[in-house]
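Here are a few friendly notes to read alongside the model. Take them one at a time, and keep the picture open as you go.

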Amino acid sequence: MADLNRRDLGLLVLRVGTGAVLAAHGTQKLLGWFGGGGIEGTAKGMEAMGFSPGRPSAIAAGVGEAGGGLLLALGLATPAAGAAAAGAMTGAVAVHAPAGFFAQAGGYEYPAFLGFTAAGIGIAGAGRYSLDHATGHVLDRPWVVATAFLGTALAAAAVVGRRAQEKASPPDDEAETEPADTAPGEER
């Protein structure tokens with residue numbers, strides 16, 4: 001155990017555990033594994049949650065979780081992996097936020113924890129026991145960290161902002177109804 005670095009070993013455990021959880025969630029969305037809805041079921045769910053169009057939203061969330069999780073577990077392209085997973089969790093936080101913080105009430109505690117953990121690993125790096133280390137950190141450079149997190153922050157802000165805007169506006173069939181006390185075609 002003298003040759004093992006505790007910090008790097010801790011990062012390995014954190015990466016593999018967090019990555020496995022994220023990958024499992026993503027494969028529920030993409031492939032229907034572990035009782036998930038697959039693309040079609042997830043697309044319907046995304047539409048119901050206000051993410052439109054549903055299918056691209058389902059694919060983006062699934063790839064962010066499954067792809068980001070797998071890459072985190074492997075310690076490969078760690079900044080991009082952490083940013084992608086954190087971005088996917090930002091959408092989940094937006095969905096759960098109205099229920100408050102705690103998961104027992106349907107709140108955002110769990111997706112926030114996964115997002116912060118993924119972001120932290122992406123920023124800190126994968127450590128010595130990783131594919132990033134084995135490849136000389138070609139995909140783990142400071143510019144990759146900045147680019148990945150900036151790009152993800154912009155994309156997440158756009159997606160969550162669009163969802164909030166769509167949820168705030170009435171559906172098309174309710175937007176232009178005339179008051180009940182006015183005859184059709186008659187001005188008020």
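Predicted model: local features only at pLDDT ≥ 70, side-chain atom pairs only at ≥ 80, totals over all residues.

1. Residues are numbered from 1 along each chain as its sequence is written, and side-chain values use heavy atoms, with hydrogens and water left out.

2. Next, the overall build. The chain has eight helices and zero strands (DSSP runs numbered from the N terminus: H or I of at least four residues for helices, E of at least two for strands). Of its 188 residues, 35% count as buried (under 20% relative accessible area; exposed is over 50%, and partly exposed lies in between, with a 1.4 Å probe and protein chains only).

3. Now look at T78, which sits in helix α4 (residues 78-96). Is T78 buried or exposed? T78 counts as buried because its relative accessibility is 0%. Leaving aside residues up to four places away in sequence, T78 touches L72, I121, G122, G125, A126, D132 and L139 (a contact means heavy atoms within 4.5 Å).

4. Why does W33 count as partly exposed? The reason is its relative accessibility of 46%.

5. Aromatic rings deserve a point of their own. A pair of aromatic rings is described by the distance of the centres and the angle of the planes. Rings of Phe, Tyr and Trp (its six-membered ring) pair if their centres lie within 6.5 Å; planes under 30 degrees apart count as stacked, over 60 as edge-to-face and the rest as tilted. By this rule there are three aromatic pairs. One of them joins W33 and F34 edge-to-face, at 6.3 Å centre to centre and 85° between the planes. F34 is exposed, because its relative accessible area is 60%.

6. F101 and Y108 also form an edge-to-face pair, with 5.3 Å centre to centre and 85° between the planes. F101 counts as partly exposed at 37% relative accessibility, and Y108 counts as partly exposed at 26%. Ring pairs link F101, F102 and Y108 into a cluster.
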